[in-house]
Structure formats: C-alpha cells, structure tokens
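Visitor: I would like to learn how to read a protein structure, one feature at a time. Where do we begin?

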Amino acid sequence: MLAIVSALNFSLIVPEKREERTTEGGLNVSKKISSLRSFIEPIKQKDIRVSLFIEPSEKQIDAAKSIGADIIELHTGYFCDLYEKNDKNYIEVIKTLEKAAKYAFKLGLEVHAGHGLTTGSVGYISKIREIKELNIGHALISDSIFMGLRGAIEA
C-alpha cells in the first residue's frame with residue numbers, strides 16, 4: 001500500500017503501513033518498478049511532480065529515475081540513529097548520503113532528504129550542496145512544545 005503526501009508543487013510517495021518500513025527505510029523502488037510506474041503515471045499526466053522516499057543507493061536512484069520520478073527524498077534515519085547514539089560510523093553514512101545526492105543530481109533528479117533529523121543532526125546533512133530540501137518538521141514541532149516555535153526554529 002502506498003500513501004501520497006502532497007506538498008505545494010509535488011506529491012511524495014511513501015510506504016503506508018508500518019510493516020512497509022516507512023520509518024525504517026524508504027520505498028524499494030527497484031522491486032516494485034511496474035506497480036509504482038502504473039501508480040505514478042496518472043499523477044504525472046496531471047503535471048504533478050513526483051517524489052519517491054528511498055534509501056541512498058544508486059540502485060534505488062536508478063529505479064526512481066526509470067519510472068519517471070522528478071524528485072527523490074533520501075532516507076536519513078540510519079544516519080540519525082547513529083548520530084543520536086554518538087556512534088562515529090555516522091560519518092560514513094554521511095558520505096553515502098553525499099554520494100547518493102551527487103549521483104541523483106547528476107541524473108537530473110531534485111534531491112531532498114529527511115527522516116529523524118533534529119536540530120542537532122541537520123547541520124551535517126545541510127552541507128550536502130545537491131540537497132535542495134531537508135525535512136525536519138517533526139523535530140521542530142516537538143522542540144517547539146518546550147521552546148516555542150520561534151525558539152525551535154532559531155535553535
């Protein structure tokens with residue numbers, strides 16, 4: 001099952017059920033090429049840009065490009081987990097995210113990133129030039145309970 005999250009100028013397609021790994025990872029586009037292609041064709045016919053939430057791998061990026069995605073959102077959850085645990089392996093994951101962003105950008109895809117980002121971790125990802133948008137909404141809203149919205153945004 002898929003869910004569409006609409007934004008101002010595009011629709012993001014993500015897994016819908018918990019067991020489909022929305023929070024644990026992105027869509028496995030390479031295994032669902034035909035079903036995803038038929039799902040997004042009617043959306044694209046209405047001149048709506050399509051974004052797919054995926055893992056930062058060339059295989060998934062190639063699959064997203066092949067079915068007509070305009071945008072990809074790279075899943076940053078693994079990086080965030082390591083960062084929060086102060087596990088220095090997060091540095092290698094940043095390199096993986098950067099490599100994926102550069103690759104996707106080179107293919108002509110717009111690159112976004114998100115999932116689990118906090119005001120503490122977002123700075124590392126924000127340095128990747130090819131990423132046009134970072135999705136950090138949950139952290140900001142959660143922090144705003146204690147700091148106020150202005151305080152959370154300025155933190």
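Guide: We will take the overall layout, then the aromatic rings, then the charged side chains. This is a predicted model, where local features need pLDDT of at least 70, side-chain atom pairs count only at pLDDT 80 or more, and totals for chains, interfaces and linings use all residues. Residues are numbered from 1 along each chain as its sequence is written, and side-chain values use heavy atoms, with hydrogens and water left out.

Visitor: How many helices and strands are there in the protein chain?

Guide: Helices (H or I, at least four residues) and strands (E, at least two) are DSSP runs, numbered from the N terminus. Here the protein chain has six helices and six strands. Read from the N terminus, their order is β-β-α-β-α-β-α-α-β-α-β-α.

Visitor: What share of the residues counts as buried?

Guide: Buried means under 20% relative accessible area, exposed means over 50%, and partly exposed is in between (1.4 Å probe, protein chains only). The protein chain has 155 residues, and 40% of them count as buried.

Visitor: What share of the contacts joins residues 24 or more positions apart?

Guide: A contact means heavy atoms within 4.5 Å. Among contacts in the protein chain with a separation of 6 or more, 56% are between residues 24 or more positions apart.

Visitor: Now the rings. What describes a pair of aromatic rings?

Guide: The distance of the centres and the angle of the planes describe such a pair. Rings of Phe, Tyr and Trp (its six-membered ring) pair if their centres lie within 6.5 Å; planes under 30 degrees apart count as stacked, over 60 as edge-to-face and the rest as tilted. The structure holds six aromatic pairs. One of them is Phe 79 with Tyr 90, an edge-to-face pair at 5.9 Å centre to centre with 70° between the planes.

Visitor: Which parts of the chain does the pair of Phe 79 and Tyr 90 tie together?

Guide: Phe 79 is in helix α3 (residues 77-84) and Tyr 90 is in helix α4 (residues 90-106), so the pair ties together parts eleven residues apart in sequence. Phe 79 is buried at 0% relative accessible area, and Tyr 90 is buried at 6%. Tyr 90 also pairs with Tyr 124: the ring centres are 5.5 Å apart and the planes are at 70°, so this pair is edge-to-face. Since Tyr 124 lies in helix α5 (residues 122-126) and Tyr 90 in helix α4, the pair ties together parts that are 34 residues apart in sequence.

Visitor: How many salt bridges does the structure hold?

Guide: Side chains of opposite charge can pair when their charged atoms come close. A salt bridge is a side-chain nitrogen of Lys or Arg within 4 Å of a carboxyl oxygen of Asp or Glu. The structure holds six salt bridges. In one of them, Lys 44 meets Asp 70 at 2.9 Å, N to O. This pair links distant parts of the chain, 26 residues apart: Lys 44 is in helix α1 (residues 33-45), and Asp 70 is in the loop between α2 (58-66) and β4.

Visitor: Which side chains meet Lys 102 in a salt bridge?

Guide: Glu 98 meets Lys 102 at 3.9 Å, N to O. Both lie in helix α4, four residues apart, about one turn of the helix. Glu 130 meets Lys 102 at 3.3 Å, N to O. Glu 130 lies in the loop between α5 and β6 (131-135) and Lys 102 in helix α4, so that pair ties together parts 28 residues apart in sequence. Glu 130 is buried, at 11% relative accessibility, while Lys 102 is partly exposed, at 38%.
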